Every structure is written in C-alpha cells, then in structure tokens.
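Subject: Structure handover

Hello,

Here is the structure for you to look over. My notes follow below it.

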Amino acid sequence: MLKRTCRLSRAALCLGLLLSLAALPARAELKTDIEFAKVGDVSLTLDASVPDGPGPFPTAILVHGGGFTNGTKQSYIKPLFDPLTQAGFTWFTINYRLAPQHRYPAPVEDVERAIRWVKDHAAEYKVDRNRIALIGESAGGHLVSLAGARGRGKTRVAAVVPFYAPHDLEFQVRQRNALGPSMTALFGLTELNDAAWKTLREGSPTHYLKGGLPPYLLIHGTKDEQVPYEQSVRFAEKMKALGNRCDLYTIPEGRHGMGGWDAAHPQYKTFMIDWLRRTLDSVKSR
C-alpha cells in the first residue's frame with residue numbers, strides 16, 4: 001500500500017508539474033530592425049519573434065495601418081503581438097514605403113518583398129513555409145487583402161486576416177464623394193474623373209478576386225467611422241460567390257482601431273488565433 005501511495009504521489013507531482021509548465025508564458029526571442037529589402041535608398045526593416053523549440057512554426061506577417069502615409073512596424077498592429085507569441089507563432093512586423101513620397105504600388109510591392117524574404121529565410125526563423133498568414137489593419141488590411149489576392153508562387157500565402165480594411169477603394173470614395181487625403185497621397189489623384197475611378201478600381205483588392213484564393217478572415221466593427229463595415233460585408237459576399245472561403249467576425253458597436261476593443265470585446269484575439277490554427281493546420285494536414 002505504501003508503494004502504491006508513493007507511485008500515486010509521484011504521478012500527481014508529475015501531473016502538477018506538467019500543468020504548471022503549460023501555464024507558463026510562451027518563450028520567444030525578439031529580433032529587431034532586420035533589413036529585408038533595400039529599394040533605392042530606402043531600407044525596409046522588420047522585427048521578428050521566434051518561439052523556443054525546433055519548429056517549424058505557423059507564421060504571421062503583420063502590416064500596420066496609418067492611412068498609407070504614417071505608422072511603423074511598432075504602431076497600431078501592436079495589440080496582436082502578445083496573442084501570437086503566446087500561441088507559439090513565429091511572427092514578423094514590417095515597415096513599408098509610405099505615401100506621398102512613395103505612391104502605389106510601392107507599399108503592396110513591399111509586402112510581397114517581405115513574403116519572399118520570409119520564405120527565403122524560413123529555416124533561420126523556424127518558419128513553416130506552407131503555413132504563412134498575412135495580417136493587417138486599416139491601410140495594412142488593404143495591403144494584405146491585395147497581396148493575398150495578387151499572390152502566386154513565392155508570394156502566395158495560406159491565409160489572410162484583414163482588420164477593418166478598405167477592400168474597394170472606388171466604393172469607398174463614391175460613398176464619400178471625395179478622394180480624401182489618403183487617396184490623394186497614395187495615387188497622386190487630384191480630381192474625380194474617369195481616369196481616377198479606373199486607378200481606384202485597379203488599386204483595390206476586389207479587382208483581383210478570382211477562384212482559388214487562400215481563406216480570408218475579415219474582422220470589422222459595426223460603428224467604424226473611417227472604413228464602413230459594409231466594406232467587409234460586400235467583400236465577403238464577392239469572395240464566397242467565387243467559391244472562396246471568407247469568414248467575417250463582427251465587433252458589435254466597434255469603432256475604427258482594435259486598440260479600443262479590449263474592454264468590451266477582448267475575445268476577438270482568441271477567435272483570430274483559433275481561426276488561424278484551424279486554417280493553417282488544415283493546410284499542414286493535406
């Protein structure tokens with residue numbers, strides 16, 4: 001009986017130790033200001049968070065917002081850093097060239113440069129090349145949506161998560177009946193005419209939609225005052241009509257910017273991580 005009790009005690013101790021280890025925060029190494037491309041005299045840099053362990057790990061490339069004219073790899077998108085770290089993802093947050101100094105298609109080309117660089121350096125950063133997701137917010141959401149739709153070969157990814165993205169710039173401008181500073185800066189447009197509508201159309205993710213695209217998860221608040229919630233509703237409908245998977249996670253009463261969501265809707269982070277795991281694991285299992 002004494003021996004049996006000791007065995008049970010050791011088993012309980014081991015179980016307790018395993019549970020304690022599981023509760024510890026995930027460990028990862030953060031590497032900063034790594035140059036992933038140089039375009040002319042502009043050095044494009046990223047930060048990389050790499051989990052402990054052998055890998056390869058599911059991976060996310062993060063793209064900040066800022067109206068195409070401001071922001072950095074450490075702004076706006078930052079609320080997603082910790083959830084991805086705790087979930088055991090390798091993740092990268094990137095800088096890209098900003099307007100008006102660098103007009104379209106410069107920023108989306110920089111996102112595509114980052115995708116190629118991540119795949120080329122997969123072994124060094126424990127990246128699973130087949131399980132790479134793009135995640136972006138606002139202007140960055142537009143860029144990841146566009147890169148996901150344009151992607152092929154080395155720029156194709158396994159999943160795309162745009163937060164409150166303007167997927168259809170022509171629709172956005174027609175609703176406001178004004179270009180606004182971001183569209184003027186990004187495209188150099190000064191008036192609404194046939195040429196301007198064509199430029200806006202061709203700079204929109206909706207212009208590139210076709211069958212066979214990677215799965216998309218759209219996350220958007222119903223009270224967004226900058227990018228109407230209808231943008232995501234319309235985009236999801238168009239994606240599904242082409243036979244693509246496109247899920248929409250709605251933040252009731254949510255305004256523009258995830259920084260204000262945590263008090264009332266912190267569960268969006270858990271939903272995103274769960275969606276990414278299921279989606280990327282389904283790619284791994286093929």
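The notes cover confidence, the sheet with its helices, and the aromatic residues.

This is a predicted model: local features need pLDDT of at least 70, side-chain atom pairs count only at pLDDT 80 or more, and totals for chains, interfaces and linings use all residues. Residues are numbered from 1 along each chain as its sequence is written, and side-chain values use heavy atoms, with hydrogens and water left out.

Confidence

pLDDT is the predictor's confidence in each residue, from 0 to 100. The protein chain has a mean of 92, with 90% of its residues at 70 or more. Helices (H or I, at least four residues) and strands (E, at least two) are DSSP runs, numbered from the N terminus. Among these elements, strand β6 (residues 159-163) has the highest mean pLDDT, 99. Helix α1 (residues 2-23) has the lowest, 43. The pLDDT is below 50 over residues 1-9, and this stretch has 0 contacts (heavy atoms within 4.5 Å) beyond near neighbours in sequence. Where pLDDT is low, the predicted coordinates should not be read in detail.

The sheet

An open sheet is formed by 8 strands, in the order β1-β2-β4-β3-β5-β6-β7-β8, with mixed pairing. Two strands pair if DSSP finds at least two bridges between them. The edges are β1 (28-39) and β8 (246-251). Each has a single partner strand, so one side of each is left without a neighbour in the sheet. On average, neighbouring strands are turned by 20° against each other, direction ignored. Axes here are lines fitted to C-alpha atoms, for helices over the stretch in contact; angles run from 0 to 180 degrees between N-to-C directions.

Helix α4 (residues 139-150) packs on the sheet. It touches β3 (57-63), β5 (127-137), β6 and β7, and its direction makes about 140° with that of β5. Helix α8 (residues 230-241) lies across β7 and β8, at about 160° to β7.

β7 (residues 216-221) and β8 pair in the parallel sense over 6 bridges. His220 stands opposite Thr250 in β8. β5 and β6 are also paired in the parallel sense, over 5 bridges. Glu137 has Phe163 in β6 as its bridge partner.

β6 is mostly covered: 5 of its 5 residues are buried (under 20% relative accessible area; exposed is over 50%, partly exposed in between; 1.4 Å probe, protein chains only). Ala159, Val161 and Phe163 point one way from β6, and Val160 and Pro162 the other way.

Aromatic residues

Rings of Phe, Tyr and Trp (its six-membered ring) pair if their centres lie within 6.5 Å; planes under 30 degrees apart count as stacked, over 60 as edge-to-face and the rest as tilted. The count comes to 12 aromatic pairs. Phe81 and Trp91 have ring centres 4.4 Å apart and planes at 20°, so the pair is stacked. Phe81 lies in helix α2 (residues 81-86) and Trp91 in strand β4 (residues 90-94), so the pair ties together parts 10 residues apart in sequence. Both residues, Phe81 and Trp91, are buried.

Trp117 and Tyr125 form a tilted pair, 5.4 Å centre to centre with 45° between the planes. Trp117 and Tyr125 are buried. Ring pairs also link Phe163, Tyr164, Trp261 and Tyr268 into a cluster.

Arg174 lies over the face of Trp197, at 3.8 Å from the ring centre. The rule asks for NZ of Lys or CZ of Arg within 6 Å of the ring centre and within 35 degrees of the ring normal. Arg150 lies over the face of Tyr208, at 5.9 Å.

Best regards
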